[in-house]
Amino acid sequence: MKKQITITINGEQHAVEVEPRTLLVHLIREQLSMTGTHIGCDTSSCGACTILLDGKSIKSCTVLAIQADGKSVQTVEGLAAPGEMHPIQEGFKECHGLQCGFCTPGMMMRAVELLEHNPNPTEEEIRWGISGNLCRCTGYNNIVRAIQYAGAKMQGKETPSTEPTFV
Amino acid sequence: MNCKTSREVGGMGHSLKRKEDSRFLAGKGNYVDDVKLPGMLHMDIVRSPYAYAKIKSIDASEALKIPGVIAVVTGKDLEQYNLHWMPTLMSDTQMVLPTDTVMYQSQEVAAVIATDRYTARDGKEAVKVEYEPMKPVIDPYKSLDPEAPVLRTDKEGKTDNHIWHWEVGDKDKTSKLFEEAEVVVKEQMHIPRIHVASIETCGCVADYDKVNNHLTMYMTTQAPHAIRTVIALVAGHVGLTEEKVRVISPDIGGGFGGKVPVYPGYVIAIAVSFLVGKPIKWVEDRSENLQADSFARDYHITAEMAGTKDGKILGTRFKILADHGYTDASANPSKFPTGLFSIGTGSYDYDTAFMEADAVYTNKPPGGVAYRCSFRVTEAVHAIERITDRFALEIGKDPADLRMQNFIKKDQFPWKSPTGWEYDSGDYHAGLQKAMDTLGYWDLRKEQEEKRKRGELMGIGISTFTEIVGAGPSKDFDILGIKMFDSAEIRVHPTGKAIARFGTKSQGQGHETTYAQIIAEELGIPAENIQVEEGDTDTAPYGLGTYASRSTPTAGAAAAMAARKLRDKAKKIAAHLLEVSEDDLEWEVGKFFVKGAPEKSKTIQEIVFAAYTNHPQGMEAGFEATHYYDPPNLTFPSGAYICVVDIDNETAEIKIRRFVAIDDCGNIINPMIVQGQVHGGLTQGLAPAMYEELIYDEEGNILNGTFMDYLLPTAVESPNWETGHTITPSPHHPIGAKGVGESPTVGAPPAIANAIVDALSHLGVTHMDIPITPYKVWKVLNEKGIVQ
Ligand code: FES
Ligand code: FES
């Protein structure tokens, strides 16, 4: 009862056999051993599993692998070549947008799509934009800054200061 | 920030970017669920739908028919090896798997082992368990009724559900004070049951190697060394003695106390791996995590304060009923059944206090972990900071003025608290003043007055707390008898680069960066060239782990002390190389030079190279040191937080307009990381103040056991936190640091609760229990006839 599907992940085509019930996130993590995409819940609430499916950010725990047949997936591993950084990764590092790092891949994939539609988001727009992604460590302040930093960087603008500011 | 070292060296005070980030950002973190071993099997757990029931039968026959299901393990199977019970951290006992009775909903009943995750789940669905439900005890007050059933019939001679009684302070003196005082205020408070809900759940891969009789345990644990000892204590009788056990705590996706205990799932995985000789992976899902893993809080507190009409605080009295669920599985130091609740006399100068607590069993999951708090300090701080506001309200004094009037003064430190602690240092007046100035406190009060006249609701809440962290001095602190020191081992390679290993375990705190900075400060070796490792019991020195904000106070101190041992050695080598006496040498970051002749010097790198190539005869070669640090006292960070809320007087929506947090955690290692810790901690303070509570019905059913209804704050609910600091170094800590990870979680809830109560106080509201939801506020407004 397994089904053959073809799926492009980070530019590379894979022909794989999956059960009809296999979740996309499990295909990616277990069958294809790309463990950068995480699982944080069983109710589509946390966003730790967020990836891009044909360019759209989706929760890969909520999509069946067979629904991705013939489609293209981007995961955190595909953001930049090894040793290099995508602006969103750089933003998270420079602005201390991560602590335990567990929510981070999903958060960044969501941010990538957000910035694509809105390169100069306001704080409010970012907060709503990532409201489907939970982070338990950072309190979100620095994630907001990280996304603003990446937005500026992607447009070749001057990036905001990354030093922490205190009252 | 004043830094002694250059940015290149990156010692204390530099906001160095984190060394650990690269792997997380590339998706190359290595969390437990990422571990994949050849031949690995998967485990899923059958759980009880009832809070209290007899197990009549477990039928695994259908499950075992499913291709790929290897085994179904029950309590009876474990009983043959005497592995069906385990000790808790508080020396109580807990079932690994039941043989006849379940004691809480979602308790583990049987384990299904299969070739993959999906098949294990199929097997779980196919296991048939017949139960005979019994009437559970859910309300902790009712659990002490004489007619309540005795839950722990497994404990010989147990005739009630009482676990222990604890008290501290002077009971008679306090009673007398409360009889005679001009003003006495009293409130009943519930600090509800909540869950740490780190985004990574708990899990493990237990890998028992039959040939070598050796267990490797990959595990989501904050305390790998202690776990190794516990495994040896529990399973030593079947041959797993301590040298045959290696615990690896890989990257941890948030801990907050929830990854301190030993859960049945871990033990079952070990037992099964031991029996089948294959690696067993168990990773719980979110619902299991919320429903069965250790809860935090659940204290019912009667809080009282006595004082004078003009605002002098004279004494406090707290009485606690602690709901521990089915067993006392708190993660506290052994001698402290209520953790460090006795810090609850607060930041105020008075000498009379009495506190007592009784703990009871109920049919709820066991626990009593921290939720980012140093052993029950959050409960204590909530009680004192709420009752202080209540007192101010009673006598009509501004809560900021009242606090300023009663603070322990800077020159009164070290200060002996009425419950026996010696606060190391603090400057409470400066902290509150800074928070008030940042906000324009008195202007806000004017605005509030004007708004009240217009019928608009606005509140300002203050919390000025004292924390107690860094457990702890060995004379008082142990867990299961193991003293709560911590350790660091530094090895410097011939070319002057180092590896340092620790007994703690970061779960996002950034130890790979901050520990390197401490060593950089002491030795002048750039932080960039110091690799930090934790979490592997085969390589790291023994330590009690990371929780209760203890890493910097203990292991951070150990790092400085080990580095100082190396500096002493470096001095001897430098004297030898420069052919002068040690007394003629002076240290400046990264080098020794001859007094009066600074051109004659040796850098730390030259000295280290000599330790391997040209060490003085008679001296031990090499350049490494280990230190086990036993702190002389705890550290006492403090903070002054002010929250401003606006409440919609039609919808009762509560909006945090501003939140200013001034923390004093002593000397700061990395301001960026400290600020990150504060942001995260504040959000975990907001959570129980307004959103989170694990709710049970009368039958013991959890009503919100998933992320659909257990509400973690998102970026939308979280305000833009404004943070700052005052710096009062700890006088007894080698680098003057105090620890910070938990202060904000401890300090934020009363600031928020005080702000909301303040917004409603003119309507006669004196207290509201957290979480304070719009619905609770709406009910108040409705009662007062403000909304219909
Ligand atoms: S794992 Fe939580 S939303 Fe997908
Ligand atoms: S960094 Fe830990 S959950 Fe976001």
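In which hand, right-handed or left-handed, does α16(B) pass α17(B)? In this predicted model, α16(B) passes α17(B) in a right-handed crossing. The contact draws on α16(B) residues including Gln677(B), Val678(B), Gly681(B) and Leu682(B), and on α17(B) residues including Pro744(B), Ala748(B), Ile752(B) and Ile756(B); by class, this contact has 11 nonpolar, 5 polar and no charged residues.

A helix pair elsewhere in chain B, α9(B) and α10(B), also has a right-handed crossing, and the table sets out the geometry of both pairs.

| Helix pair | Residues | Axis separation | Angle |
|---|---|---|---|
| α16(B) and α17(B) | 671–690 and 743–760 | within 7 Å | roughly 45° |
| α9(B) and α10(B) | 377–395 and 399–406 | 9 Å | about 110° |

At about 110°, α9(B) is therefore roughly perpendicular to α10(B). Their contact is made by Glu385(B), Thr388(B), Asp389(B), Phe391(B), Ala392(B) and Ile395(B) of α9(B), together with Pro399(B), Leu402(B) and Arg403(B) of α10(B), and these residues divide into 5 nonpolar, 1 polar and 3 charged.

The largest nonpolar core has 171 residues, and those touching the most other members are Ile88(A), Phe92(A), Ile147(A), Phe659(B), Ile756(B), Leu760(B) and Val777(B). Helix α17(B) gives the most to this core, with 10 residues. Leaving aside residues up to four places away in sequence, Leu760(B) touches Leu457(B), Ile647(B), Val765(B), Met768(B), Val777(B), Val780(B) and Leu781(B). A second, separate core of 48 residues includes Val492(B), Ile518(B), Ala570(B) and Phe592(B).

Methods
Residues are numbered from 1 along each chain as its sequence is written. Chains are lettered from A and ligands numbered from 1 in the order in which they are written. This is a predicted model: local features need pLDDT of at least 70, side-chain atom pairs count only at pLDDT 80 or more; totals for chains, interfaces and linings use all residues. Side-chain values use heavy atoms; hydrogens and water are left out. Axes are lines fitted to C-alpha atoms, for helices over the stretch in contact, and angles run from 0 to 180 degrees between N-to-C directions. Helices (H or I, at least four residues) and strands (E, at least two) are DSSP runs, numbered from the N terminus. A crossing is left-handed if the near helix is turned anticlockwise from the far one by less than a right angle, and right-handed if clockwise. Contact means heavy atoms within 4.5 Å. Ala, Val, Leu, Ile, Met, Phe, Trp, Tyr, Cys and Pro count as nonpolar, Asp, Glu, Lys and Arg as charged, and the others, Gly among them, as polar. A nonpolar core is a set of buried Ala, Val, Leu, Ile, Met, Phe, Trp, Tyr and Cys residues joined through side-chain atoms within 4.5 Å. Buried means under 20% relative accessible area, exposed over 50%, partly exposed in between (1.4 Å probe, protein chains only). Angles under 35 degrees count as roughly parallel, over 145 as roughly antiparallel, 65 to 115 as roughly perpendicular and the rest as oblique.
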